[in-house]
Amino acid sequence: MSKGYNSVISKLGVHGLSSGPVLMGPTIGKWVNAQPPATLPTGYTAIWRHVESPDNINSWMAQNINPVGAAQAWIDKQGPHIQNVPKNVYIEGPNENDAETVAQCVWHAAFEVARMRIMAGLGWRCCIFSFGTGRPAMPQESQWDGREKWIALLPAFRAAKQYNAIYGRHGYGHPRMRY
């Protein structure tokens, strides 16, 4: 498998940055601004995302824009890019959004619930959240600090089960990762 500058090995699979990952071995691949193949091997999971500038919705959260309306606006903006993605590919949403406060988590959960509902109505499945590394922080075992943020995200995780969505989270440097 090629490990050139166009792909990065992650703990889940290959993250393709141009023509997409080589389909040799991994069971998960991610295509960014590139078309995934129309047919994938049985059991292969493909995630797709079109990068925008900015590539997150932090400003929408900061302006307290209605998350349901924001989800529709995001889908409308991405529509020309999404329309040719095969229906068996998960569509990833905005990238590395803030999840530093409970209010941000509540807003983002509502956004993702609306995005999953709308996308399911169009025949697509979603990869939700795609938080950056360490966001939101995992609760500390001894004190459970930070659990309020995860509790605020529960409506989206429940909807993900209903809409057959998956959870995306950036994570790099795991001891078992290969480079």
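Q: Where do Glu112 and Arg115 lie, and how many residues apart are they?
A: Both are in helix H3, three residues apart, which is about one turn of the helix. Keep in mind as we go that this is a predicted model.

Q: What makes Glu112 and Arg115 a salt bridge?
A: The closest N and O atoms of the two are 2.7 Å apart. The cut-off is a Lys or Arg side-chain nitrogen within 4 Å of an Asp or Glu carboxyl oxygen, so the pair qualifies. As background, side chains of opposite charge can pair when their charged atoms come close.

Q: Why is Glu112 called buried, and why Arg115?
A: Buried means under 20% relative accessible area. Glu112 has 0% and therefore counts as buried; Arg115 also has 0%, so the label is buried there too.

Q: How do you know that Arg135 and Glu100 form a salt bridge?
A: Their side chains meet at 2.8 Å, N to O. That value is within 4 Å, so the pair is a salt bridge.

Q: What makes this a link between distant parts of the chain?
A: The two residues are 35 residues apart: Arg135 is in the loop between E6 and helix H4 (147–163), and Glu100 is in the loop between E5 and H3.

Q: Are Arg135 and Glu100 buried, exposed or partly exposed, and why?
A: The middle class runs between under 20% for buried and over 50% for exposed. Arg135 has a relative accessible area of 26%, so Arg135 is partly exposed. Glu100 stands at 41%, so Glu100 is partly exposed as well.

Q: Which residues are linked with Arg49 in a network of salt bridges?
A: Asp55 and Glu92 are linked with Arg49 in that network. For Asp55 and Arg49, the closest N and O atoms are 2.1 Å apart, and both residues are buried. By the 4 Å rule, the count comes to five salt bridges.

Q: Why are E5 and E6 said to pair?
A: Pairing needs at least two bridges, and strand E5 (residues 90–92) and E6 have three, in the parallel sense, so they pair. In one of these places, Ile91 has Cys126 in E6 as its bridge partner. From E5 the chain passes through H3 to E6, in a right-handed β-α-β crossover.

Q: What makes strand E6 mostly covered?
A: Six of the seven residues in E6 (residues 125–131) are buried. Across the chain, buried residues make up 44% of the 179 residues.

Q: Which elements have the lowest and the highest mean pLDDT?
A: Strand E1 (residues 7–9) has the lowest, at 40, and helix H3 (residues 102–121) the highest, at 96. The chain averages 79, with 77% of the residues scoring at least 70.

Q: Where does pLDDT stay under 50?
A: One stretch is residues 1–19, for which the model has 42 contacts beyond four places in sequence. Residues 21–25 also stay under 50, with 12 such contacts. Where pLDDT is low, the predicted coordinates should not be read in detail.

How values were computed
Residues are numbered from 1 along each chain as its sequence is written. This is a predicted model: local features need pLDDT of at least 70, side-chain atom pairs count only at pLDDT 80 or more; totals for chains, interfaces and linings use all residues. Side-chain values use heavy atoms; hydrogens and water are left out. pLDDT is the predictor's confidence in each residue, from 0 to 100. Helices (H or I, at least four residues) and strands (E, at least two) are DSSP runs, numbered from the N terminus. Contact means heavy atoms within 4.5 Å. Buried means under 20% relative accessible area, exposed over 50%, partly exposed in between (1.4 Å probe, protein chains only). A crossover is right-handed if, with the strands pointing away from the viewer, the path from the first strand over the helix to the second runs clockwise.
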